[in-house]
Amino acid sequence: MHIRDASILLGALEGGELNRSVSHELSTVLRELHTMSTEDVKKTFKGEVDLKIILSAENGAVTISSEIKSKTPKRPRARTFYWITEEGTLSTEHPNQHDIFKGPRDTAARTAEPAV
């Protein structure tokens, strides 16, 4: 049998396993791209499936091996906002605002000038 068509060769390599593996990687990347593109419809997401075929010839014969690599975009991580205090710690409350839910503040320690 003479193989003249690349699609026949790809189907025959590794007893058909290469074709199954490439198909699986392609499907995995497409599912991830579909999920990401439906979660954020205003962005374009790109993925890759690379198939490398390595040919080693010796004495009129060839040995064929392969490598498959795939790449999907990194999923964005959630962001969390905090205030930085003067002491170098993090706070969920603005340092110049007071919590209105804690009730009135103690005024006994305050000294105020009498109203005239």
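**Notebook: backbone and surface look-up**

I began with Glu14, which I found in the loop between α1 (6-12) and α2 (17-39), where helices are DSSP runs of H or I with at least four residues and strands are runs of E with at least two, numbered from the N terminus. I was working on a predicted model, in which local features need pLDDT of at least 70, side-chain atom pairs count only at pLDDT 80 or more, and totals for chains, interfaces and linings use all residues. Residues are numbered from 1 along each chain as its sequence is written, and side-chain values use heavy atoms, with hydrogens and water left out.

I looked up phi of Glu14 and noted a value near 55°, positive in a residue other than glycine. Most residues other than glycine have a negative phi.

Asn59 counts as exposed, because its relative accessibility is 76%.

For the protein as a whole I noted two helices and four strands, which follow the pattern α-α-β-β-β-β along the sequence. I recorded that buried residues make up 9% of the 116 residues, and that the accessible surface comes to about 10800 Å², of which 52% belongs to carbon and sulfur atoms, as given by the Shrake-Rupley method with a 1.4 Å probe.

Note on methods. Buried < 20%, exposed > 50% of the residue type's maximum accessible area, 1.4 Å probe, protein only.
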